[in-house]
Amino acid sequence: MELAVHLFLSLDGVYTSPGAPDETPGRYFEKGGWVIPFGDDEFGAIVDGWFAATDALLLGRVTYEIFAGFWPQVTDPDNAVAARLNGARKYVASRTLTAPEWANTTVLDGDALAGVRRLREAPGGELQVHGSGALARSLHVAGLVDVYRLIIAPVVLGSGERLFEPGCPPSGFEVVTQRTTSQGLTYLELRPAHLRQAVPTIEDGREVVHAL
């Protein structure tokens with residue numbers, strides 16, 4: 001399966017509580033809810049398209065509990081997102097979750113990254129990460145992400161957890177899709193690529209920089 005990470009980010013790379021200040025159980029983030037003012041039909045269509053391509057979910061425990069507390073209650077057969085998520089295989093990276101109640105859930109305890117590697121080698125379509133920022137960061141560091149789909153809000157938060165923390169591996173990306181919604185959200189679909197490095201050379205007595 002191909003592993004795809006989906007996240008909402010601020011301009012300074014924060015993913016904490018995009019929907020509400022109390023979105024993360026047990027934590028209040030006073031700047032939470034920062035993506036909501038920019039929501040529109042284009043935003044909804046992008047996110048619906050993500051879920052439509054889901055073959056299996058890979059979630060951190062906190063995001064799993066948020067999803068599991070909401071989506072099983074949505075039983076309208078015409079709700080395509082609910083039908084897709086409730087019926088999909090779900091994998092949770094957690095050492096503390098022992099009795100998941102959402103149907104079709106498997107807990108990846110112990111070495112979760114080893115479990116993810118096995119899932120990537122299995123046949124199938126997309127194994128999608130939604131939210132689960134700490135898990136997404138670990139997957140990035142381990143080089144396990146095949147595609148990133150990011151919606152970036154035009155705000156700077158100044159604090160909060162970030163996907164790309166200082167010290168993370170240098171990475172290059174190929175831009176597959178780039179668009180801006182009518183409300184100013186930037187949507188990027190990126191695939192890891194060789195990092196383009198600037199290398200100076202001397203040509204005709206002048207230093208010239210070439211990108212590799």
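This is a predicted model: local features need pLDDT of at least 70, side-chain atom pairs count only at pLDDT 80 or more; totals for chains, interfaces and linings use all residues.

Student: Let us begin with charged residues. What is the general idea, and how many salt bridges are there?

Tutor: Side chains of opposite charge can pair when their charged atoms come close. In this structure the count comes to eight salt bridges. One of them joins the side chains of Arg 61 and Glu 65, at 3.1 Å from N to O.

Student: Which salt bridge links distant parts of the chain?

Tutor: Consider Glu 126 and Arg 149, whose side chains meet in a salt bridge at 2.7 Å, N to O. Glu 126 lies in strand 5 (residues 126-130) and Arg 149 in strand 6 (residues 147-152), 23 residues apart.

Student: Are Glu 126 and Arg 149 buried or exposed?

Tutor: A residue counts as buried when its relative accessible area is under 20%. Glu 126 is buried because its relative accessibility is 10%, and Arg 149 is buried because its value is 9%.

Student: With which other residue does Arg 149 form a salt bridge?

Tutor: Arg 149 also forms a salt bridge with Glu 189, and the closest N and O atoms are 3.7 Å apart. Glu 189 lies in strand 8 (residues 186-193) and Arg 149 in strand 6, so this pair ties together parts that are 40 residues apart in sequence. Glu 189 is buried, as is Arg 149.

Student: Let us turn to the aromatic rings. How many aromatic pairs are there?

Tutor: The count comes to nine aromatic pairs. For each pair, one reads the distance between the ring centres and the angle between the planes, and planes over 60 degrees apart count as edge-to-face. The rings of Tyr 148 and Phe 173 have centres 5.3 Å apart and planes at 90 degrees, so this pair is edge-to-face. Tyr 148 is in strand 6 and Phe 173 in strand 7 (residues 172-180), 25 residues apart. Tyr 148 is buried, at 3% relative accessibility, whereas Phe 173 is partly exposed, at 31%.

Student: Which residues form one aromatic cluster?

Tutor: The cluster consists of Phe 8, Phe 43, Trp 50 and Tyr 187.

Student: What lies over the face of Trp 102?

Tutor: Lys 90 lies there, at 4.5 Å from the ring centre. The side chain of Trp 102 also makes a polar contact with the side chain of Asn 86, at 2.9 Å. Asn 86 itself is in helix 3 (residues 80-87). Leaving aside residues up to four places away in sequence, Asn 86 touches Trp 71, Pro 72, Val 74, Trp 102, Ala 103 and Asn 104.

Student: How should I read a residue in a loop, and where is Gly 13?

Tutor: Gly 13 is in the loop between strand 1 (2-9) and helix 1 (41-52). Gly 13 counts as buried because its relative accessibility is 18%. Beyond residues up to four places away in sequence, Gly 13 touches Glu 161, Arg 162 and Leu 163.

How values were computed
Residues are numbered from 1 along each chain as its sequence is written. Side-chain values use heavy atoms; hydrogens and water are left out. Helices (H or I, at least four residues) and strands (E, at least two) are DSSP runs, numbered from the N terminus. Buried means under 20% relative accessible area, exposed over 50%, partly exposed in between (1.4 Å probe, protein chains only). Contact means heavy atoms within 4.5 Å. A polar contact is a pair of N or O atoms within 3.5 Å; within protein, one must be able to donate a hydrogen and the other to accept it, and residues adjacent in sequence count only if both atoms are side-chain atoms. A salt bridge is a side-chain nitrogen of Lys or Arg within 4 Å of a carboxyl oxygen of Asp or Glu. Rings of Phe, Tyr and Trp (its six-membered ring) pair if their centres lie within 6.5 Å; planes under 30 degrees apart count as stacked, over 60 as edge-to-face and the rest as tilted. A charge sits over a ring if NZ of Lys or CZ of Arg is within 6 Å of the ring centre and within 35 degrees of the ring normal.
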